[in-house]
Amino acid sequence: MSAVVIDGKAFAAKVRGQVAGHVAQLVRDHGITPGLAVVLVGSDPASEVYVKSKGKMTVEVGMLSVEHKLPVDTAEADLLALIAKLNADPKIHGILVQLPLPGHLNSELVINSIDPAKDVDGFHISNVGLLGTGQKSMVPCTPLGCLMMLRDHHGSLSGLNAVVVGRSNIVGKPMAQLLLGDSCTVTIAHSRTKDLAAVCRGADILVAAVGRPEMITGDYVKSGATVIDVGINRIERDGKTKLVGDAEFASCAAVAGAITPVPGGVGPMTIACLLANTLTACCRANGLAEPEGLTA
Ligand code: NDP
């Protein structure tokens with residue numbers, strides 16, 4: 001293996017430390033505690049794990065953490081009423097509705113009912129539009145985490161060729177916008193892309209956000225490229241459940257210059273960026289300077 005392994009766990013701990021430092025300063029100098037409300041509808045086990053871990057880390061950085069757990073059959077009107085209450089609550093600076101929502105709820109309607117200034121997931125249509133037009137917005141957490149790691153590793157990204165495999169609204173599209181914002185030459189690939197391996201081999205930065213275990217192998221990677229593996233896939237191997245990315249680590253690491261592992265790469269950055277976004281939202285709401293290095 002020749003690639004540098006980008007340690008997302010350590011980097012996320014550093015980001016959370018920076019957030020905690022800013023929070024302490026906000027409390028000390030302004031008497032303001034940033035607050036994050038997480039809304040979970042139903043009892044999907046994976047979502048419950050995420051929500052618990054978000055709550056724990058929110059408290060650890062000194063923020064107010066509020067959890068609303070609603071029954072699976074919650075009526076849309078009741079969920080919208082809760083969001084309206086949180087929108088109006090001055091103690092709450094960030095609102096996150098855990099996805100996926102049960103089928104009877106209209107996710108787009110629910111997400112677009114969040115005050116865009118409190119939309120720390122960056123999924124509100126206003127934030128999508130602001131990001132797309134290069135204006136100040138709330139940026140989706142996973143792509144923001146990828147961008148932070150890339151900036152940390154490369155310094156300037158200007159002029160680099162970036163290929164993003166995947167065009168979802170949550171990862172692929174915002175990732176491409178962010179890379180464009182940092183002056184990369186960006187290609188978005190997807191399931192209809194012809195000769196994907198050849199397209200990927202043109203990349204100085206290759207972001208895999210496909211949702212297919214170990215699909216990107218070493219022959220998709222240009223020598224010395226940086227591979228950011230967003231994928232989280234649970235597979236059975238040798239009778240055990242294993243977590244793997246969308247990139248096959250060993251063959252990619254043999255060719256790449258740098259690579260994020262799974263687990264311990266992009267994953268930990270997502271919650272760190274949620275906290276960073278909550279801090280940013282709080283600073284904006286109070287007319288204070290935004291924390292440097294924690295936004296796009
Ligand atoms: P989606 O399923 O919404 O999107 C997958 C994308 O990959 C689609 O655009 C699809 O193309 C494309 N794709 C699928 N198959 C192929 C193929 N054979 N060749 C080329 N492109 C293909 O997934 P998400 O964006 O939500 O998530 C992607 C991965 O990231 C998943 O593994 C997910 O678990 C992980 N993830 C990790 C997070 C983290 O915190 N680290 C957070 C969010 C997601 P098309 O549009 O043509 O169908």
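What distance separates the centres of domain 1 and domain 2, taken over C-alpha atoms?

**Figure 1. The two domains of the predicted model.** In this predicted model, the centres of domain 1 and domain 2 are separated by 28 Å, taken over C-alpha atoms. The protein is divided into domain 1, which covers residues 30-126, and domain 2, which covers residues 141-268.

**Figure 2. The largest nonpolar core.** The largest nonpolar core holds 54 residues, and those with the most contacts inside it are Val19 and Leu179. Two or more residues come from each of α1 (8-30), β2 (35-41), α6 (141-154), β5 (161-165), α7 (172-181), β7 (205-208) and α10 (266-285). With 11 residues, α10 gives the most to this core. Domain 1 and domain 2 each supply at least three residues to this core. A second, separate core has 20 residues, including Ala189, Leu196, Ala197 and Ala247.

Figure 3. When neighbours within four places in sequence are left aside, Leu179 is in contact with Leu150, Leu157, Ala162, Val164, Cys184, Val186 and Val207. Leu179 is one of the buried residues of α7, together with Gly172, Pro174, Met175, Ala176 and Leu178. The elements against which the buried residues of α7 pack are α5, α6, β5, β6 and β7.

Figure 4. Six strands form an open sheet in the order β1-β11-β8-β7-β5-β6, and their pairing is parallel. The edge strands, β1 (4-5) and β6 (185-189), each pair on one side only. Inside this order, β8 (residues 226-229) and β11 (residues 258-259) pair in the parallel sense over two bridges, and Thr226 has Ala258 as its bridge partner in β11. The helix α6 lies across β1, β7, β8 and β11, and runs at about 160° to β8.

**Figure 5. Strand β4 and its pairing with β2.** The strands β2 and β4 run parallel and are joined by four bridges, with Val38 standing opposite Leu96 in β4.

Figure 6. His124 has its place in the loop between α4 (107-111) and α5 (125-132). His124 counts as buried because its relative accessibility is 7%, which is under the 20% cut-off. A polar atom of the His124 side chain lies 3.1 Å from the backbone oxygen of Asn112. Not counting residues up to four places away in sequence, His124 touches Ile111, Asn112, Ile114, Pro116 and Asp119.

**Figure 7. Two cis peptide bonds in loops.** Most residues other than glycine have a negative phi, and most peptide bonds are trans. The bond that joins Leu99 and Pro100 is cis, with omega about 0°, and Pro100 lies in the loop between β4 and α4. The peptide bond from Val262 to Pro263 is also cis, with omega near 0°, and Pro263 lies in the loop between β11 and α10.

Figure 8. Ser183 follows α7 and lies in the loop between α7 and β6. Phi of Ser183 is near 65°, a positive value in a residue other than glycine. Ser183 counts as partly exposed because its relative accessibility is 41%. Asp238 lies in the loop between β9 (233-237) and β10 (240-244), and has a positive phi of about 50° although it is not a glycine. Asp238 counts as exposed because its relative accessible area is 75%, which is over the 50% cut-off.

Note on methods: Residues are numbered from 1 along each chain as its sequence is written. This is a predicted model: local features need pLDDT of at least 70, side-chain atom pairs count only at pLDDT 80 or more; totals for chains, interfaces and linings use all residues. Side-chain values use heavy atoms; hydrogens and water are left out. A nonpolar core is a set of buried Ala, Val, Leu, Ile, Met, Phe, Trp, Tyr and Cys residues joined through side-chain atoms within 4.5 Å. Buried means under 20% relative accessible area, exposed over 50%, partly exposed in between (1.4 Å probe, protein chains only). Domain bounds come from an automatic or database domain assignment. Contact means heavy atoms within 4.5 Å. Two strands pair if DSSP finds at least two bridges between them. Axes are lines fitted to C-alpha atoms, for helices over the stretch in contact, and angles run from 0 to 180 degrees between N-to-C directions. A polar contact is a pair of N or O atoms within 3.5 Å; within protein, one must be able to donate a hydrogen and the other to accept it, and residues adjacent in sequence count only if both atoms are side-chain atoms.
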